[in-house]
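Here's a walk through one structure, meant to be read with the 3D view open. Have a look around first, then come back for the details.

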Amino acid sequence: MSPVFPMLTVLSMFYYMCLRRRARTATRGEMNSRRAIESNTRALPINVEIVQYAKEVLDFSSHYGSENSMSYTMWNLAGIPNVYPSSGDFTQTAVFRTYGTWWDRCPSARLPFRRTPSTFCSQDYVELAFEEPVYPTAVHILETYHPGAVVRILACSANPYSQNPPAEVRWEILWSEAPTKVNGPQARQFTPCIKQINFPTNLIRLEVNSSLLDYYTELDAVVLHGVKERPVLSLKTSMIDMNDIDEEEDEEKFACGMDTLNKQFSIVTLREWPTNGYFDKLPYELIQLILSHLTVPDLCRLAQTCKLLYQHCCDPLQYIHLSLQPYWARINDTSLEYLQSRCTLIQWLNLSWTGNRGAISVSGFSRFLKVCGSELVRLELSCGHFLNETCLEVITEMCPNLQELNLSSCDKIPPQAFNHIAKVGSLKRLILYRTKVEQTALLSILNFCSELQHLSLGSCVMIEDYDLIASMMGAKCKKLRSLDLWRCKNITENGIAELASGCQLLEELDLGWCPTLQSSTGCFTNLARRLPNLQKLFLTANRSVCDTDIEELAANCTRLRQLDILGTRMVSPASLRKLLESCKDLSLLDVSFCSQIDNRVVLELNASFPNVFIKKSFTQ
């Protein structure tokens, strides 16, 4: 027989194995339509496609708007489009709180966690419920201004309208991609190629990263296409991209690492090997340094190879800084239980976005902190909707060294629970954005936490008298460096005077959308004269800001880097030029909707000061 025939036989077998693997993947509902495969596919049986807009916004991490309004809020994503196909800045759209990299360049910026997987780049999210559970065939996202922020689309197996909670909640990634720069701010319909899943869903989650955008992204509506019956694919494959095999293996390894995360945490029996190779000859510290570059799932996999590496992978020194946010969909009580023995020395812990829909219980969280909380310095719990008063009590009792606590968008915590935070006198950073903290609890916190350097009270709508809060800050929080009062509804010039008098180390102050502040009272002039260290000042949507205020900033706050005066009608090009000439480090100047600053002025200022990003928004 000719040597050619055995080779053909081998190739035929390999081709058959590829087809079989692809078919098996398809029946699981895990075929990724982005991959390079040319096939004629048809759904059997034929289903009528259902097209539906989001019925309700269930959860989100942040938004630009107010908690008591519809303007620029995530709630605008429910229902039919309000703006599309028009382009521009419209209040009827959904807008997240931040954009670009400006928030990473200000005094309140936090250090990133090590070991964050390169595939996880999400900064914000929003979860949408639809009327009918379907097997998704397409997702359309209507973006009306500065598109390109969406980086992941996920589907959930849980039906938010079901009376019976599911025994297991699964999340599947329909599509994901690294952030990309989109040319131009114009509206578009974004329809990525999504993969098929093996369960019906009426809960879709969008995750965004706005770091490459020149301004806030605005979303108008989300359309879900799907069928009621699970599609069965008939494949007539004409060509297979051989690189696809490696991609599938990589994805399966990652899925395996995360799906069996709990099992891998608890592995105690290892295969016996006579030698550990050259690892026996390396210093312990060098192996630890090498392993410090691995992600948590990789550590779990490596721990199964030999006893030596198991010992290294379980060393508490590998878990000094631990972020579980990238794995939020799979972290539960069992995960925390298996991590306990490894996290006895943990100092930084990020549980943001985790534990929702019953994944983490109060008792499971409490058990973990009782074992691992003694050395904690930084605790990130953003959007942790499992948190209640018991959890805050445990935090204050078990974490005596805590310096940073992030409770951003933890809107399920009852108001009285925040009183417990006052027991942590060592706090230097406290983020209470979009929480239900009340005035009495906040006054107690400010009274006993005099070491505070960074405080966020943005969109805290249950505080009745911000002047009283500002007075307490001025009296007790002398070390305050950054303060977020975004959309505080009732602070006046009296509170600003107390704040400027007592907190003279302030480098960052956000007074955006504070309607009760008026330039005619001299409050902004007072700020400029009392706070020479200011690097970031947001006076967003305060129409009373005038030339006098800008000139005072130019004269006294020469270290200013970021200034937002969106919406003012009383600032002229001449005062802006004085500011730009005086503040050599200025990098961001937002003059959107400033009636005296037209596009011609912006072009002239850009030409004279090329290192400053001058933003002029528009509405068509």
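Predicted model: local features only at pLDDT ≥ 70, side-chain atom pairs only at ≥ 80, totals over all residues.

In it, twelve strands come together in an open sheet with parallel pairing, and the order is 14-15-16-17-18-19-20-21-22-23-24-25. At the edges sit strand 14 (321–323) and strand 25 (613–615), each of which pairs on one side only. Ignoring direction, neighbouring strands of this sheet are turned by 5 degrees against each other on average.

For a look at one pairing, go to strand 14. It runs parallel to strand 15 (residues 348–350), and three bridges join the two. Ser323 stands opposite Asn350 in strand 15. As a reminder, the strands of a sheet pair through backbone hydrogen bonds.

## Helices 10 and 11

Which residues of helix 10 (residues 439–448) are buried? They are Gln439, Ala441, Leu442, Leu443, Ile445 and Leu446. The cover over them includes strand 18 (429–431), strand 19 (454–456) and helix 11 (466–476).

Helix 11 has its own buried set: Tyr466, Asp467, Ile469, Ala470, Met473 and Gly474. Look down the helix 11 axis and these residues fall within an arc of 160 degrees, so they line one face of the helix. Helix 10, strand 19, strand 20 (482–484) and helix 12 are among the elements that cover them.

Now move on to helix 12 (residues 493–502) and helix 13 (residues 523–530). Their axes are 9 Å apart and the packing angle is about 5 degrees, which means helix 12 is roughly parallel to helix 13. On the helix 12 side, the contact uses Glu493, Ile496, Ala497, Ala500 and Ser501; helix 13 brings Cys523, Asn526, Leu527 and Arg530. Sorted by class, that contact has five nonpolar, two polar and two charged residues.

Helix 13 also meets helix 14 (residues 547–556). Here the axes come within 8 Å and cross at roughly 5 degrees, so helix 13 is roughly parallel to helix 14. Helix 13 contributes Phe524, Thr525, Ala528 and Arg529, while Thr548, Asp549, Glu552, Leu553 and Asn556 come from helix 14. This contact divides into three nonpolar, three polar and three charged residues.

## A closer look at Ala554

Ala554 lies in helix 14. Is Ala554 buried or exposed? Its relative accessibility is 8%, and the cut-off for buried is under 20%, so Ala554 counts as buried.

Who does Ala554 touch? Setting aside neighbours within four places in sequence, Ala554 is in contact with Lys578, Leu579, Ser582 and Cys583. Take Ser582: along the chain it is 28 residues from Ala554, yet the C-alpha atoms of the two are separated by 5.5 Å.

Finally, jump back to strand 10 (residues 201–208). This strand is mostly covered, with eight of its eight residues buried.

Strand 10 pairs with strand 6 (residues 124–145) in the antiparallel sense, over seven bridges. In that pairing, Val134 stands opposite Thr201 of strand 10. Strand 7 (residues 150–156) also runs antiparallel to strand 10, and five bridges join them. There, Leu154 has Arg205 of strand 10 as its bridge partner.

Technical notes
Residues numbered from 1 in each chain as written. Heavy atoms only, no water. Axes fitted to C-alpha atoms, helices over the stretch in contact; angles between N-to-C directions. Helix = DSSP H or I, 4+ residues; strand = E, 2+ residues; numbered from the N terminus. Parallel < 35°, antiparallel > 145°, perpendicular 65-115°, else oblique. Contact = heavy atoms within 4.5 Å. Nonpolar A, V, L, I, M, F, W, Y, C, P; charged D, E, K, R; others polar. Pairing = 2+ DSSP bridges. Buried < 20%, exposed > 50% of the residue type's maximum accessible area, 1.4 Å probe, protein only. Arc of directions from axis to C-beta.
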